[in-house]
Amino acid sequence: MKNALNFGFIPHSIEMEDYYQQQVIWQDQPIWKLITSIAERLPEKIAICGKQGTMSYRELVQQADEYASGFISQGLMCDDRVILQISNRIEFISLLLGLFRAGIVPVLTLPAHGYKEIYHFIQVSGAKAFISDQEVVAEQLEHYQALKNNDPWSSICKIYSFSSNTNQCDLFPHKEITGFTPPQINPANPALFLVSGGTTGLPKLIPRTHNDYNYNIACASKACELTEADTYLTVLPAGHNFPLGCPGMLGILANGGTVLMSQDPSPDECFELIEQYKVTVTALVPALSQLWTKALEWEDVDLSSLRLIQVGGAKLCESDALAMQRGFPNKLQQVFGMAEGLICCTRIGDAIEVITQTQGRPISLLDEIKIVDNKGVQVLQGEDGELLTRGPYTLRGYYRAQQHNQRSFSKDGFYCSGDKVKIDENGNIIVTGRIKDVVNRGGETIVCDEVEGYLLSHPDILHVAVIGIPDPDMGELVAAAIVTSSQSLSLIELKAFLLAQGIAKFKLPERLQVMSDLPLTAVGKIDKKILANMPISNWKQN
């Protein structure tokens, strides 16, 4: 009998599943075996380190099994969903591994997600528990506690958090266990849920199976040439797909390396960590890569251990790529990917013009790509259009989002990414823009109509348009043009209003334009092109 929790999960078609099986790419094993197999071979090697301490591979598996046993003893079951909102601390990995070992499916949210988003994820996933740490503000924890106690429609029955005075999580009595036996799972079922940047409304849940995510990690690890000699510095939020499995922390651990966790991505902090721990690999978004490159002018540290700096989450412009190449010679790897699946990257040893002018090529030969015009017709090589993709680690549908899936997938199973790209003669992707109405702020995708909906709930706002405006540090900033009945309405007041609605801080407008009317197209729609062409100086900052 089919698990009711998987209702709304769309697997690959039978034909594509058979094809991928014939290619012998599925490991047909749970994700946790990537780590436990290394723990059997290198039990005393340091697996994770950070401000909270260090853990060997043996200690990592032991603590994970303690967490897994604790979840099960408190009534959580195999295939239950759990919201995980944890900052970059070493326990993130042991908790994640513990959930995997218990057969529980984590919904990986970010510390920046607000109450509105978390409540939405709970509703869609049917999550039974919420796990956080002290980095999540106390007011949010009060929201979730009230939700558990007072909302008859809420599935949440457990709330766990790290105490401010200890690194332990209040899951269970902290005692060693022996002989924990993980339950049997189906590797073709969801192992975890990632969170989309979204294209309309609130973010969607992205189901990733054990089979597809294992393959994702293996292909990305190969593209980065990972070995057990590597040490990976995690500076981006750990719940992001990029630092998690592209190849990220899981890729490093699957290859017997060491993960170093940092809660401060600044060059002041990270350069010292790189020197101290001999870091070899890390991943950044363009805004951070710019900051790190500039910091080389005044930081006097030994960064010679670094061999690879991945940059993704948004397009790295050629001038910034060239600056990185000068500051960090032969270390840049451009990455273009999505939590929904497809990952492209430049390779070690590629020509400089490939690394600085393109976003690379797919990590799997089984990745299928089509570039189409606005009528769905494939364009000629070298012309740009919307990227459609299908492959063994790309989703076939967002979780429990039937109407959205009808718009986001073609009849033959290609995911319509909304990214505007072209492909050069060597098969390298070059990102030229976005088709969907979003702002890419420092690697975070912000849906314009979601923010517009929140703003329109303000009693003094009559009309609104949210756009992205260029910014040298963040790539784009969120800007709001409004028509209001109160000409004195300030950006500070708007931010306070939105925060009270529970919106994530990274979605807040940073520029404001109060107008008597919004510009319209010939068919009466708001003309965002006119707004985007307005001088930057016209947008207020307060």
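# Rings, sheet and turns in a predicted model

The structure holds 11 aromatic pairs, where rings of Phe, Tyr and Trp (its six-membered ring) pair if their centres lie within 6.5 Å, with planes under 30 degrees apart counted as stacked, over 60 as edge-to-face and the rest as tilted. One of them joins Tyr 115 and Tyr 119, which are stacked at 5.9 Å centre to centre with 5 degrees between the planes. These two tyrosines are four residues apart in helix 5 (residues 115–125), so about one helical turn separates them. The pair formed by Phe 409 and Tyr 415 is tilted, because its planes stand at 45 degrees, with the ring centres 5.4 Å apart. Ring pairs also link Tyr 19, Tyr 20, Trp 26, Tyr 215 and Tyr 393 into a cluster.

Before going on, a word on the source: this is a predicted model, in which local features need pLDDT of at least 70 and side-chain atom pairs count only at pLDDT 80 or more, while totals for chains, interfaces and linings use all residues. Residues are numbered from 1 along each chain as its sequence is written, and side-chain values use heavy atoms, leaving out hydrogens and water.

Charges also meet rings here; a charge sits over a ring if NZ of Lys or CZ of Arg is within 6 Å of the ring centre and within 35 degrees of the ring normal. Arg 101 lies over the face of Trp 32, 4.4 Å from the ring centre. The charged end of Lys 370 sits over the ring of Phe 414, at 4.4 Å from its centre.

How exposed are some of these residues? For the words used below, buried means under 20% relative accessible area, exposed over 50%, and partly exposed in between (1.4 Å probe, protein chains only).

| Residue | Relative accessible area | Class |
|---|---|---|
| Tyr 119 | 23% | partly exposed |
| Phe 409 | 10% | buried |
| Tyr 415 | 3% | buried |
| Asp 28 | 45% | partly exposed |
| Asn 330 | 61% | exposed |

Now to the sheet. Helices (H or I, at least four residues) and strands (E, at least two) are DSSP runs numbered from the N terminus, and two strands pair if DSSP finds at least two bridges between them. Nine strands make an open sheet in the order 2-1-10-9-11-12-13-14-15, with mixed pairing. Strand 2 (53–56) and strand 15 (361–362) stand at the edges with a single partner strand each, so one side of each has no neighbour in the sheet.

Cys 49 stands opposite Leu 260, and Thr 234 stands opposite Met 261. Thr 258 and Leu 260 point one way from strand 10, Val 259 and Met 261 the other way, and all are buried. In a regular strand the side chains alternate between the two faces of the sheet. Strand 9 (residues 231–234) is also joined to strand 11 (residues 281–284) by two bridges, again parallel, with Thr 282 as the bridge partner of Leu 233.

The angles run from 0 to 180 degrees between N-to-C directions, and the axes are lines fitted to C-alpha atoms, for helices over the stretch in contact. Helix 3 (residues 57–73) lies across strand 1 and strand 2, at about 95 degrees to strand 2.

Elsewhere, strand 18 (residues 415–423) pairs with strand 19 (residues 429–434) in the antiparallel sense over five bridges. They form a hairpin with five residues between them, and Gly 427 in the turn has a positive phi of about 85 degrees.

In helix 16 (residues 491–500), Leu 491, Leu 494, Phe 497 and Leu 498 are buried. They line one face of the helix, because their directions from the axis fall within an arc of 120 degrees (the directions being those to the C-beta atoms). Ile 492 and Ala 500 are exposed on the other side.

Finally, some backbone details. Most residues other than glycine have a negative phi, and most peptide bonds are trans. The bond from Cys 246 to Pro 247 is cis, with omega near -5 degrees. Asp 28 has a positive phi of about 50 degrees, and Asn 330 one near 60 degrees.

Technical notes
Contact means heavy atoms within 4.5 Å.
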